[in-house]
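Good morning, and thank you for coming.

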Amino acid sequence: MAAKGEGSNESKKRKRPLTSSSATDSSKGEKPSNPKKVKLPSSSHPNKGANKPFKSTKRQSQQQQPLKFKSKFGKSDTHGEKTVPKTKRELRLQAKELAEARKKKRKPHYTLEQELASLWEKMRQRNIAKQDRSKLVSEALRKMKGKIHEIASSHVSSRVLQTCVKNCSQAERDAVYEELRPHFITLACNTYAVHLVKKMLDNASKKQLAEFISFLHGHVAALLRHMVGSVVIEHAYQLGNTTQKQALLLELYSTELQLFKDLVSMKESKLVDVISRLGLQKTSVLRHMSSVIQPILEKGIVDHSIIHKALIEYLSIADPSSAADVIEQLSGPLLVRMVHSKEGSRIAMLCIKHGSAKERKKFIKGMKGFVGKIANDQRGNMVLVCILSIVDDTKLGAKVVVRELQAILKELVLDKNGRRPLLQLLHPNCPRYFSPDDLASLDLSIPSLCTKGGLEVNSDLDKLEKSSKVGEDVEEDNSDTEDVTTESDKRANEGGKKDPFLRRQELLVNSGLAESLIDTCIESAGELLRSNFGKEVIYEVATGGAGGILRPVLDAKLEALYEAIASLAAQPNSEEEEEDHLLENFHSSRTIRRLVLDCPIFASTLWKKALKGKCKTWAQGHSSRVVCAFMESSDSAVQALARKELQPLVDGGILKLPENKQLEKQVKVSKAK
């Protein structure tokens, strides 16, 4: 048994791998010092790697393999052991060459575009001579001849063509027009070529413009639904005369007018006239216009005046449900983008007038941040006037509209358009500040929504035409006897339910706008009185507004304003000053005269502080109007203040009163006394 155990131990010892040190130790008859196993290099053949070192490091294995360089483009290049990687500059040049090669394959006229770009850099310089620019333009057009319609859609070439069309001769421009003639509709829908088409229209002759508009026949509705193509239609609409504008509009009314070109040449400007003359069915026209207008509104293409005109005509014949749908779609930020045109501002006013409280709220909130810009706009200011006159939610109006107006008061007061919302609060619907057309736009309404119970008041087209005219709109009978109202009745509540004076007071006085306005007038009294537009605002503020809306709450502030004006008028007249004296200036002298006639408190303050004992100095020139106003005043107390000093001047011929029979009578009575 012992022998068997010893033999087994010896066999186990033979199987154990030995290191070199252990081998020497075993030869000496000693046990190995490191009994741990050492992994041999893996090999399929038992004798493979016998002559190699027992341990191989990572660095030695890497040196034995060939060097591989992975390029920027993902391909590994093996050039032997001494391959040097490319520098960043070489890689950049290589990438540029590859990009150029791809562009040449993708763009057939790439080389031509590069040549045109170099010419364009020269011809667009400002300090270049006219003859040199003409030579460069001619050279560019010569290179492009026969290929203009192909390269017009390129970002670079379209810019070159625009510069060439602007600076070339008429013969060269005609040649470009003839080459592009068959491709105008296609180019009108291209993002870059559309600018070239607009430039061609700007420089086109009357014959070419008429021909271009004739090319658009049958394509107007489709192009208006296109984000890029609609720009071309609007540009042609703005450049065309009345007949050409009408031709573009008529295509939106009916399918027959799109198909038959002869029907388009009509002088009628209103849709109701077109329907009555051609005998078109109203339901058919409504259906076609809905199919045209709805996609336009869904895409938000509402910036163009031709669309505004079409919407106005559509609302003039629309049934209550169709009109309500349009108002609902437009309520919000879309309506803000329409107020810059005449028809667009009227659509906004119609939406405010006939919209529900929820829709009005959406629209007013959509104006947030744009109130100042709308107020200074020639057409947009009337939309603010309408809001301040109709909307009963004065908290929302004060929060959005009044707050933004309050931040730029001085700018608004001195602006021709910006002052109108302020004047509407101070003196509503005054013909002195609003033209008849402006006042008529406030009275416009949608005929189908000016009804009771959803039934139209006007049954035939003639009555419908009359109802759409300015000042002849059908008004709803808002009787208090009815307890139940329909949605149509709610929409037809045009003027709001709140008392107009109370609405003005909440927007003007309670919101703090009036106090800020008086402070602005005190700070800039001289500038406002000398201004052609600011004088109207300061006059309305000083008189307390229509109906005395600023009194008695702000009497103390108004007295401070009177003192400020009187202090400026009391300053001596000096020729060294750049500005005219307040009493000698054309605008300020007439405004002060009106204040003397209409505001006795101001007249008394001005007399005591500025004119008493100095009337002989101001008896000539523009200032004489101010002095004479004291004798013309209907207030006996004002006349009594000045009669003692002014009567000798009148008798001596120094002060000449205006030729008026009533004034002559007053003078005679005063002499008799």
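Let me begin with a definition: a residue is called buried under 20% relative accessible area, exposed over 50%, and partly exposed in between, with a 1.4 Å probe and protein chains only. By that criterion phenylalanine 212 is buried, with a relative accessible area of 2%, and phenylalanine 184 is buried as well, at 3%.

Some conventions first. This is a predicted model, in which local features need pLDDT of at least 70 and side-chain atom pairs count only at pLDDT 80 or more, while totals for chains, interfaces and linings use all residues. Residues are numbered from 1 along each chain as its sequence is written, and side-chain values use heavy atoms, with hydrogens and water left out.

How many aromatic pairs does the structure hold? There are four. Rings of Phe, Tyr and Trp (its six-membered ring) pair if their centres lie within 6.5 Å; planes under 30 degrees apart count as stacked, over 60 as edge-to-face, and the rest as tilted. Phenylalanine 184 and phenylalanine 212 form an edge-to-face pair, 5.2 Å centre to centre with 85° between the planes. Phenylalanine 184 lies in helix H10 (residues 184-187) and phenylalanine 212 in helix H12 (residues 206-215), so this pair ties together parts that are 28 residues apart in sequence. Helices here are DSSP runs of H or I with at least four residues, numbered from the N terminus. Ring pairs also link Tyr177, Phe184 and Phe212 into a cluster.

The rings of tyrosine 562 and phenylalanine 602 have centres 5.7 Å apart and planes at 65°, so they too are edge-to-face. Because tyrosine 562 lies in helix H36 (residues 555-569) and phenylalanine 602 in helix H38 (residues 600-611), the pair ties together parts 40 residues apart in sequence. Tyrosine 562 is buried at 1% relative accessibility, and phenylalanine 602 at 0%.

Two rings also carry a charge over them, meaning that NZ of Lys or CZ of Arg is within 6 Å of the ring centre and within 35 degrees of the ring normal. The charged end of arginine 124 sits 4.4 Å from the ring centre of tryptophan 120, and that of arginine 594 sits 3.7 Å from the ring centre of tyrosine 539. Tryptophan 120 is one of the buried residues of helix H5, which spans residues 110-123.

Finally, serine 345 is in helix H22 (residues 342-354) and is buried, with a relative accessible area of 4%.

Conventions
Helices (H or I, at least four residues) and strands (E, at least two) are DSSP runs, numbered from the N terminus. The expected span of a helix is 1.5 Å times one less than its number of residues.
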